[in-house]
Every structure is written in C-alpha cells, then in structure tokens.
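I open a new page for this structure. The entries follow the order in which I looked things up.

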Amino acid sequence: MPLSYLIQHQDDAEKDSLANNPSLRGFEVIYEAKAELEAQCPQTVSCADILAFAARDSVCELGGISYKVPSGRRDGISLIEEATKKNNIPPPTLDAKELEENFAQKGLTLDEMVTGTHSIGISHCTSFKERLYNFSETQLQNPSMDPIFARDLKTKCPQTATRILNDPTVPLDVVTPNRLDINYYENLKKHHGLLTSDQTLLSSPSTAIIVKNGLRSWHRNLRVMVPVGLKPATFGS
C-alpha cells in the first residue's frame with residue numbers, strides 16, 4: 001500500500017478504483033501509525049515502509065516466520081489512471097500467461113509471482129462468482145473448480161451478488177484461513193482455488209511445477225519475499 005492508496009480525491013482516488021474497492025481495507029491502521037511516527041520524527045518514515053513492517057509482523061504472527069525488512073521505500077502519488085489503466089494491479093480474472101506477462105513488466109519472476117500469499121485474506125464473491133454461475137454458453141460452472149467446493153461456495157455467494165449490494169466475503173483459504181502455510185498449494189491441487197488467477201497456476205506447465213512442489217516451493221518462495229518488497233522502493237512506485 002504506497003502513499004497513492006491513501007490519497008483522498010473526489011473522482012479518481014486509487015483506493016476507490018474497481019481493483020481496490022471494497023477489497024482494500026485497514027487504512028486507519030496506517031493513518032494511526034503514520035501520525036505517531038510524524039509526531040516523533042517528521043518526514044522520515046514513508047507509508048510504504050510502515051506497510052512493509054506491518055506485513056512482516058503479520059507474517060510472523062500468522063506463520064511463525066521472521067525476516068528482516070530494510071527501510072527506505074518511497075511513497076508514490078499515482079491516482080486511478082496510473083495505477084489501474086496501465087495494468088499495475090492485475091485483476092483476479094487473468095490466466096497464467098497473462099499473469100506472467102503482467103509480473104514480467106514489473107521485473108518479477110515466476111517464483112516471485114507464485115509465493116502463496118493468498119494463504120491468508122478474503123475475497124468478495126463478485127471477484128469469482130462467474131466461476132460458479134453461467135461460466136460459458138455450454139457450462140454453468142468453471143470445470144477447473146471442484147464441484148463439491150463450488151456447491152459449498154454457492155451457499156455463501158448468491159448469484160445476485162453485486163459490488164454495490166449483497167457482496168459477501170469468503171476466505172481465500174477455507175482450510176486454514178488465519179494461518180500463513182502451504183495449504184495454498186494443496187488447495188490448488190484439489191481444485192479449490194477461489195480466484196481464476198490462483199487456479200490457473202495449476203494449468204500452465206511453467207507455474208504448475210511450482211504448485212506441485214508444494215513445501216519445497218513454499219520454503220524457496222519465503223526467501224524471495226523480501227527482495228520482491230524492495231524492488232518498487234527504488235522507483236517510489
């Protein structure tokens with residue numbers, strides 16, 4: 001969450017874009033931390049650094065994993081046009097090839113893309129309900145989704161859900177929703193991936209090998225999390 005997410009603007013605030021609203025929450029936590037730091041050391045610690053530190057502490061709390069996070073990130077000032085129209089935020093409907101191209105544009109590798117961070121978090125039903133209802137002219141349901149898993153999701157996500165009205169949330173990982181662990185990969189192998197952008201990783205040979213390696217991929221990808229977090233810092237994006 002760079003500074004650009006915190007910008008208040010009547011028409012084109014990045015936080016209010018379709019890619020972020022209503023999924024992106026918790027702004028008050030960053031506001032409070034920023035206010036406290038500004039009172040102690042003005043214009044020193046960026047909002048991007050605050051978020052990186054918060055992510056580190058969350059990973060430790062939810063997964064028992066500790067790692068060092070250097071500071072020095074810069075805050076961006078982009079609005080909706082720069083953040084979304086330039087495909088800076090990949091939507092949950094992309095397939096594996098589209099995801100690979102999107103991440104490559106940011107200088108990120110496949111290992112850096114398939115880090116399993118969707119082991120925690122939630123998603124609104126409107127981000128994936130197309131997989132449950134009227135998937136295509138010939139198939140009502142996405143064939144890459146386990147039928148029993150889909151049936152359970154339908155009890156939580158009505159076909160009438162919209163972004164404005166009646167849009168419930170469900171965990172990205174229904175097995176251990178509050179733990180950062182390898183179940184992300186196990187879920188994909190069982191075709192229990194919630195989003196298209198997750199389940200598609202099992203259908204592409206280049207990413208399927210990472211998913212199938214499970215535990216080994218998990219440990220390797222933990223080592224790339226910190227460098228990934230630092231890449232945007234140089235450019236203030």
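Entry 1: The model I am reading is a predicted one. I found Gln43 in the loop between helix H1 (27-40) and helix H2 (47-63). I also noted its phi, near 55 degrees, which is a positive value in a residue other than glycine.

I then looked up Asn134, which lies in the loop between strand E1 (122-124) and H6. Phi of Asn134 is positive too, near 50 degrees, and Asn134 is not a glycine. With a relative accessible area of 52%, Asn134 is exposed.

**Entry 2: confidence.** The protein chain has an average pLDDT of 80, and 75% of the residues score at least 70. Which elements have the lowest and the highest mean pLDDT? I noted helix H3 (residues 80-85) as the lowest, at 53, and helix H6 (residues 147-154) as the highest, at 96. Over residues 232-237 pLDDT stays under 50, and the model has 10 contacts beyond four places in sequence for them. Where pLDDT is low, predicted coordinates should not be read in detail. I left that stretch there.

**Entry 3: helix H7.** I moved to Asn183, which is in helix H7 (residues 183-189). Its relative accessibility is 18% and the cut-off for buried is under 20%, so Asn183 counts as buried. Leaving aside neighbours within four places in sequence, I listed Asp173, Val175 and Thr176 as contacts of Asn183. With Thr176 there is a polar contact of 3.1 Å between the side chains.

I then searched for aromatic pairs and found one in the structure. The ring centres of Tyr184 and Tyr185 are 5.4 Å apart and the planes stand at 80 degrees, so I recorded the pair as edge-to-face. Both Tyr184 and Tyr185 are buried.

**Entry 4: helix H9.** Which residues of helix H9 (residues 205-212) are buried? I wrote down Thr207, Ala208, Ile210 and Val211. Seen down the axis of H9, these buried residues fall within an arc of 160 degrees, so they line one face of the helix. In an α-helix there are 3.6 residues a turn, so residues three or four places apart point the same way. On the face turned away from the buried side of H9 I found the exposed residues Pro205 and Lys212. After H9 comes Gly214, with a positive phi near 50 degrees.

How values were computed: Residues are numbered from 1 along each chain as its sequence is written. Side-chain values use heavy atoms; hydrogens and water are left out. Buried means under 20% relative accessible area, exposed over 50%, partly exposed in between (1.4 Å probe, protein chains only). Helices (H or I, at least four residues) and strands (E, at least two) are DSSP runs, numbered from the N terminus. The arc is that of the directions from the helix axis to the C-beta atoms. Rings of Phe, Tyr and Trp (its six-membered ring) pair if their centres lie within 6.5 Å; planes under 30 degrees apart count as stacked, over 60 as edge-to-face and the rest as tilted. A polar contact is a pair of N or O atoms within 3.5 Å; within protein, one must be able to donate a hydrogen and the other to accept it, and residues adjacent in sequence count only if both atoms are side-chain atoms. Contact means heavy atoms within 4.5 Å. pLDDT is the predictor's confidence in each residue, from 0 to 100.
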